[in-house]
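Student: I am new to this structure and would like to go through a few of its contacts with you, step by step. Could we start once it is in view?

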Amino acid sequence: RVQRPVNEWLRTFAHVEYVDMVTLPGPDTTLRTAPTWLVEATRRSVEISVTAHGSQVVAIAGHYDCAAHPVSHEQHRADIVATAAQVVAPWGVAARVVGLWVNELWQVELVWDSAVGGDLGTFAQGG
């Protein structure tokens, strides 16, 4: 459900033509709590996207009504920020890392951006 709005946001605001999708249920919590093998497999997939396909942006997206991570809007935001900052950014891939929230209207909101030093404090539309 979330791939389409995230894809459209990345195409528009990150100015990319193609989007590689590496998906996990509830990635805003899964990447911090999953077994090492799953996190490592995800990291390898992201590295392939960046090195072989030239991806310049890596997004961690959480969304409204997530069955895999049924928490409040505020908790999702905190988890997106934590995952982007503490898990994905330290992978050191040569790409901008963003944290995205997809709200109940399927609109994408930028909540964390390595290009501006991280946490945006409050939701910011666009990019």
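This is a predicted model: local features need pLDDT of at least 70, side-chain atom pairs count only at pLDDT 80 or more; totals for chains, interfaces and linings use all residues.

Student: How far apart are the closest N and O atoms of glutamate 8 and arginine 4?

Tutor: Glutamate 8 is partly exposed, with a relative accessible area of 42%, while arginine 4 is exposed at 64%. A salt bridge requires a side-chain nitrogen of Lys or Arg within 4 Å of a carboxyl oxygen of Asp or Glu. Glutamate 8 and arginine 4 form such a salt bridge, and their closest N and O atoms are apart by 3.2 Å.

Student: Is arginine 43 buried or exposed?

Tutor: Arginine 43 lies in helix 3 (residues 36–53), four residues from glutamate 47, and the side chains of the two meet in a salt bridge at 2.3 Å, N to O. Glutamate 47 is partly exposed, with a relative accessible area of 27%. Because buried means under 20% relative accessible area, arginine 43, at 18% relative accessibility, counts as buried.

Student: Which residue meets arginine 96 in a salt bridge?

Tutor: Strand 2 (residues 96–102) pairs with strand 3 in the antiparallel sense over five bridges, and six of the six residues of strand 3 (residues 108–113) are buried. The side chain of arginine 96 meets its partner at 2.5 Å, N to O, and that partner is aspartate 113. Since arginine 96 lies in strand 2 and its partner in strand 3, the pair ties together parts that are 17 residues apart in sequence.

Terms used. Residues are numbered from 1 along each chain as its sequence is written. Side-chain values use heavy atoms; hydrogens and water are left out. Buried means under 20% relative accessible area, exposed over 50%, partly exposed in between (1.4 Å probe, protein chains only). Helices (H or I, at least four residues) and strands (E, at least two) are DSSP runs, numbered from the N terminus. Two strands pair if DSSP finds at least two bridges between them.
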